[in-house]
Amino acid sequence: MKNLGAMVNQFRFVREHHKRIKRIGVVTDSALGNVAEHLTSHFVKAEIRHFPAGQIEAARQWIMNGS
């Protein structure tokens, strides 16, 4: 439940600031990562991509450089 609460807090932040955010990287092995990627894309302008746990650096690079 703790991780779900953290994800909800992140989505609230994005909802309030989504016009300034271009990319969101979701780093988790949880099935919620796929759900977040597809569900959130309907509500925010940002491009969202799910990365497996352990690939936080790849997520950061994608956020910063788009690759």
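## Exercises on a predicted model

At 3% relative accessibility, Trp 62 counts as buried. The model is predicted, and the exercises below start from this residue.

**Exercise 1.** Determine which aromatic pair the structure holds and classify its geometry.

*Solution.* A pair of aromatic rings is described by the distance of the centres and the angle of the planes. The structure holds one such pair. Its members are Phe 51 and Trp 62, with 5.9 Å from centre to centre and 55° between the planes. Pairing requires centres within 6.5 Å, and planes under 30 degrees apart count as stacked, over 60 as edge-to-face and the rest as tilted. The pair is therefore tilted. Phe 51 belongs to strand S2 and Trp 62 to helix H3, eleven residues apart, so that the pair links distant parts of the chain. Phe 51 also counts as buried, because its relative accessibility is 3% and the cut-off is under 20%.

**Exercise 2.** Identify the residue that lies over the face of Trp 62.

**Exercise 3.** Describe the surroundings of His 50.

*Solution.* First, locate the residue: His 50 is part of strand S2, which spans residues 47-51. Finally, leaving aside residues up to four places away in sequence, His 50 touches Val 26, Thr 28, Ser 30, Gly 33, Asn 34 and Glu 37.

**Exercise 4.** State where confidence is lowest and where it is highest in the protein chain.

*Solution.* The chain has a mean pLDDT of 82, with 94% of its residues at 70 or more. Confidence is lowest in helix H2 (residues 32-40), at a mean of 76, and highest in helix H3 (residues 56-65), at 94.

Conventions. Residues numbered from 1 in each chain as written. Predicted model: local features only at pLDDT ≥ 70, side-chain atom pairs only at ≥ 80, totals over all residues. Heavy atoms only, no water. Helix = DSSP H or I, 4+ residues; strand = E, 2+ residues; numbered from the N terminus. Contact = heavy atoms within 4.5 Å. pLDDT = per-residue confidence, 0-100. Phe/Tyr/Trp six-rings, centres within 6.5 Å; stacked < 30°, edge-to-face > 60°. Buried < 20%, exposed > 50% of the residue type's maximum accessible area, 1.4 Å probe, protein only. Lys NZ or Arg CZ within 6 Å of the ring centre and 35° of its normal.
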